[in-house]
Amino acid sequence: MEKTNNAVTIIGTLGARPAFSHAGISEEYYTFPLEICRLSGTADVINVIAGRRLMERTEITAGCRVRVSGELRSFNNKSGVGNKLVITVFAREIAFTDLDDMNEVHLTGTFCRAPNLRCTPMGREICDLMVAVNRRYGRSDYLPCIVWGRLAETAAQWPTGTRVEIDGRIQSRRYIKVVDGVQEEKVAFEVSVSGISPAEETEQSNGGP
């Protein structure tokens, strides 16, 4: 994968036909779920956003197998409906493929809050991170990441403001939240980290919106 500050490559199967998402200044955007199987057989369902012109070149529909290249994006949802932090893949390229499922992410960003080290009920250490990844025009994406085992112990020692390079995959995780006494099933998205290290000082910004 090309070493930019935000690069995603995913291969999977469309779980539904693309649907209109929103309109920008000069483009309409559509969204679709991409189902990506892990080696364990569990499927992560990742939401992808793509511009209309890109969608028209590929004419994808439910059941298609595609390769998507782009960036991992975050959006602060203020509507009060659904998750407050919405995580999607912004597609730069979409192509049909018959290759096996793939889920790869590379990020270069900065800790925007202190790492949170904790343990699972089975005693395995986990470190929760929030990483700010710069875009153009002074914007940033705020991306939740989770680190396991010895890497978690290492990452927990780095303070807020530490710049890091991260390799991993996007995962979707279901959980139960109690709202007004009623249990609701929610889905959280995060980067499951396979590698993390301090970054060099030079950072490359991505183009586009």
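Author: Phe 111 is buried, with a relative accessible area of 1%; buried means under 20% relative accessible area, exposed over 50%, and partly exposed in between, with a 1.4 Å probe and protein chains only. This is a predicted model, in which local features need pLDDT of at least 70, side-chain atom pairs count only at pLDDT 80 or more, and totals for chains, interfaces and linings use all residues. Residues are numbered from 1 along each chain as its sequence is written, and side-chain values use heavy atoms, with hydrogens and water left out.

Reader: Which ring pairs with Phe 111?

Author: The ring of Trp 158 does: the two centres are 6.4 Å apart and the planes stand at 35 degrees, so the pair is tilted. Rings of Phe, Tyr and Trp (its six-membered ring) pair if their centres lie within 6.5 Å; planes under 30 degrees apart count as stacked, over 60 as edge-to-face and the rest as tilted.

Reader: And where do Phe 111 and Trp 158 lie in the chain?

Author: Phe 111 is in strand β7 (residues 102-111), while Trp 158 is in the loop between α2 (149-155) and β11, so the pair links distant parts of the chain, 47 residues apart. Helices (H or I, at least four residues) and strands (E, at least two) are DSSP runs, numbered from the N terminus.

Reader: Is Trp 158 buried or exposed?

Author: Trp 158 counts as buried, at 18% relative accessibility.

Reader: How many aromatic pairs does the count come to?

Author: The count comes to 3 aromatic pairs. One of them joins Tyr 29 and Phe 90, which are tilted at 50 degrees between the planes and lie 6.1 Å centre to centre. Tyr 29 lies in strand β3 (residues 28-37) and Phe 90 in strand β6, so this pair ties together parts that are 61 residues apart in sequence.

Reader: What sits over the ring of Phe 90?

Author: The charged end of Arg 73 does, 4.4 Å from the ring centre. A charge sits over a ring if NZ of Lys or CZ of Arg is within 6 Å of the ring centre and within 35 degrees of the ring normal. Phe 90 itself is buried, at a relative accessible area of 10%.

Reader: Changing topic, what does the side chain of Ser 172 reach?

Author: The side chain of Ser 172 reaches the backbone nitrogen of Val 45 at 3.2 Å. Ser 172 has its place in strand β11 and is buried, with a relative accessible area of 15%.

Terms used: Polar contact = N/O pair within 3.5 Å; in protein donor to acceptor, adjacent residues only side chain to side chain.
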